[in-house]
Amino acid sequence: MPAFDYAALDTRGQTRSGVIDAPSARDARERLARRGLVPVGIEAATTGAHAGRRSLLDRFTAKDLALVTRQLSTLTAAMTLEEALQTVGSQADKRAVRRVLMATHARVLEGFRLSDAMARQGAAFPPLYRAMVAAGEGSGALPDILERLADLLEREQQVRGKLITALVYPAALALTAVAVVVALMAFVVPKVVEQFDSMGRELPLLTRVVIGISDLMAATGLPVLVLAAVGAVAFSRLLRRPAFRHRFDATVLQLPLLGRLVRDVHAARMARTLSIMVGSGLPMMEGLVITARTVHNRVLREATDRMVASIREGGSLSGAMRRAAVFPPTLLYMTTSGENSGRLGQMLERAADYLEREFNTFTSVAMSLLEPLIIVVLGGVVAVIVLAILLPILQFNSLVLG
């Protein structure tokens with residue numbers, strides 16, 4: 001059914017806007033009139049309210065979602081949900097954010113629950129987000145859930161921002177290093193070789209090795225780039241195969257540093273999510289089920305699914321985590337302590353704080369070591385190239401002076 005963007009006046013003279021489904025603009029006006037709204041503008045929506053027709057531009061960035069959630073958590077404490085949605089939507093700077101919020105507002109006015117209205121906005125609201133909102137609506141703790149969700153999203157934004165900031169300089173430094181070495185081998189060394197060939201003398205071993213590498217790069221550079229591109233495409237296709245993806249994800253988890261990092265990030269996210277669910281008196285099982293769907297690593301996803309099955313059979317959360325054998329000991333200990341003391345939500349939150357601090361410390365140390373390592377490697381490679389050029393010159397000078 002076609003969708004229409006509308007602006008209308010309610011009985012108090014306030015402007016309301018949103019999206020309405022109707023066979024035609026005339027039907028849309030009639031439906032608005034039955035709601036007690038006086039339409040002042042109706043136009044065909046460029047995107048429908050259904051997920052299958054929603055444009056990719058109507059997706060939220062992580063920053064947008066965190067900001068919207070914080071605004072909603074603040075406003076719902078002082079006004080109704082409908083008014084909060086309209087206020088946040090009308091003040092949104094980005095058109096995509098405004099469209100999604102106004103469409104959500106329209107659905108809520110039609111009688112939909114907030115979680116159901118969000119589910120009709122395509123990929124704007126993640127499944128875990130909608131599940132926690134639904135749980136909050138069911139328990140009457142929606143404002144508290146929105147506040148906790150805002151804290152969670154802002155914390156993830158901070159972690160993501162720190163990681164990106166830490167990676168920018170090493171990445172730029174590495175690209176510069178590669179560019180310098182390629183330029184030396186592709187342009188400087190061949191020019192020097194021409195001068196050495198005219199002298200007709202045997203070159204030192206180091207010089208011959210560098211010249212050989214330069215010739216190899218000149219002869220195979222383009223085929224190697226093409227082969228690398230083909231290999232990248234083939235690898236991406238292989239990752240779509242479940243068996244290969246499972247082996248690849250298992251290999252990633254077995255790597256000394258990267259594997260630990262992936263496990264800790266997954267554990268921190270799960271602990272934070274479960275702490276919100278438990279702390280708000282919401283069903284923990286629903287959080288586990290939704291979290292499992294959002295895990296990209298197949299091995300960790302299967303471990304989470306096994307945890308769900310174990311808890312459904314009557315097992316404890318700590319026992320399920322221990323049998324999964326993918327969580328750090330700190331999380332296992334604090335979960336067990338929380339279950340024994342009746343403070344599971346608090347202990348899960350402390351475990352998440354600890355794991356996030358460990359992640360921040362690990363990335364900070366790794367980045368601080370990576371920068372000088374790149375500089376040392378670049379300096380060493382450049383020194384070898386310069387030495388390979390200088391050795392024949394010094395050798396010829398010694399022969400002339402001798």
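Analyst: Searching the whole structure gives 2 cavities of 30 Å³ or more. A cavity is a set of points, on a 1 Å grid over the protein atoms alone, where a 1.4 Å probe fits but cannot get out. Its volume is the space filled by probe spheres set on the points, which are joined across faces, edges and corners. The model is predicted, so local features need pLDDT of at least 70 and side-chain atom pairs count only at pLDDT 80 or more, while totals for chains, interfaces and linings use all residues. Residues are numbered from 1 along each chain as its sequence is written, and side-chain values use heavy atoms, with hydrogens and water left out.

The second largest cavity has a volume of about 30 Å³. Its lining, meaning residues with an atom within 4 Å of a point, consists of R260, L261, D264, E358, F359 and F362. Of these residues, 3 are nonpolar (Ala, Val, Leu, Ile, Met, Phe, Trp, Tyr, Cys or Pro) and 3 are charged (Asp, Glu, Lys or Arg), with no polar ones. Helices α10 and α15 (344–401) each supply at least two lining residues; helices are DSSP runs of H or I, at least four residues long, numbered from the N terminus.

A nonpolar core is a set of buried Ala, Val, Leu, Ile, Met, Phe, Trp, Tyr and Cys residues joined through side-chain atoms within 4.5 Å. Buried means under 20% relative accessible area, exposed over 50%, and partly exposed in between, with a 1.4 Å probe and protein chains only. This core has 31 residues, and L114, F125, Y129 and V133 have the most contacts inside it. The largest share, 6 residues, comes from α7. Apart from neighbours within four places in sequence, F125 is in contact (heavy atoms within 4.5 Å) with F60, L65, V100, T104, M118 and R130. A second, separate core of 30 residues includes L274, A303, V308 and L331.

In α13 (residues 317–324), 6 of the 8 residues are buried, among them L317, M321 and A324. Just after α13, A325 takes a positive phi of about 60°. L205 belongs to α8 (residues 205–238) and counts as exposed because its relative accessibility is 58%. L205 lies 183 residues from A388 in sequence, yet their C-alpha atoms are 8.6 Å apart.

Methods:
On a 1 Å grid over the protein atoms alone, a cavity is a set of points where a 1.4 Å probe fits but cannot get out, and a pocket is an open set with protein on both sides within 12 Å along at least five of seven lines; lining residues have an atom within 4 Å of a point.
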